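Let's take a walk through this protein, starting with the overall fold and ending with a few side chains.

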Amino acid sequence: MKKLFVASLILSLSGAVFAAEPTAQQSKMKTCNADATGKKGDERKAFMKQCLSADAPAAKVTQQDKMKKCNADATGKKGDERKTFMKECLSNK
């Protein structure tokens with residue numbers, strides 16, 4: 001009986017960990033809902049329909065990703081040449 005209790009406790013805790021991570025649809029719903037603040041009735045309904053059916057925007061490139069790419073592209077450059085290249089590369093959007 002004790003083993004069954006421990007096993008069920010472990011399963012319930014592992015389920016809680018998985019449930020904590022929101023899905024893409026849940027994140028989208030949260031964003032669209034926040035953007036719809038102030039809209040009411042048919043206007044809100046139309047906005048939510050359009051917002052939820054729209055494709056997700058392209059993921060933004062993080063500073064860390066930029067740094068990795070620029071660092072890889074700067075291979076072979078040294079000193080001031082590398083410094084200038086990195087400054088230019090990291091400032092590009």
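What follows goes from the whole chain down to individual contacts.

Keep in mind that this is a predicted model. The protein chain has five helices and zero strands, so reading along the sequence you simply get α-α-α-α-α. How much of the chain is buried? Of its 93 residues, 10% count as buried. The accessible surface comes to about 8300 Å², and carbon and sulfur atoms make up 61% of that. As for how the chain meets itself, take the contacts with a separation of 6 or more: 26% of them are between residues 24 or more positions apart.

Now for the side chains. If you go looking for aromatic pairs, you'll find zero in the structure. Phe rings do turn up with a Lys over them, though. The charged end of Lys 39 sits over the ring of Phe 47, 4.8 Å from the ring's centre. Further along, Lys 77 lies over the face of Phe 85, and here the distance to the ring centre is 4.8 Å.

Which residues form the salt bridge? The structure holds one, and it joins the side chains of Asp 73 and Lys 69, with 2.8 Å from N to O. Both partners belong to helix α4, which covers residues 63–73. They are four residues apart, or about one turn of the helix. Where does that leave them relative to the surface? Asp 73 is partly exposed, because its relative accessible area is 37%, while Lys 69 counts as exposed because its relative accessibility is 53%, and the cut-off for exposed is over 50%.

Key:
Residues are numbered from 1 along each chain as its sequence is written. This is a predicted model: local features need pLDDT of at least 70, side-chain atom pairs count only at pLDDT 80 or more; totals for chains, interfaces and linings use all residues. Side-chain values use heavy atoms; hydrogens and water are left out. Helices (H or I, at least four residues) and strands (E, at least two) are DSSP runs, numbered from the N terminus. Buried means under 20% relative accessible area, exposed over 50%, partly exposed in between (1.4 Å probe, protein chains only). Contact means heavy atoms within 4.5 Å. Accessible areas come from the Shrake-Rupley method with a 1.4 Å probe; for residues, only the protein chains shown count as cover. Rings of Phe, Tyr and Trp (its six-membered ring) pair if their centres lie within 6.5 Å; planes under 30 degrees apart count as stacked, over 60 as edge-to-face and the rest as tilted. A charge sits over a ring if NZ of Lys or CZ of Arg is within 6 Å of the ring centre and within 35 degrees of the ring normal. A salt bridge is a side-chain nitrogen of Lys or Arg within 4 Å of a carboxyl oxygen of Asp or Glu.
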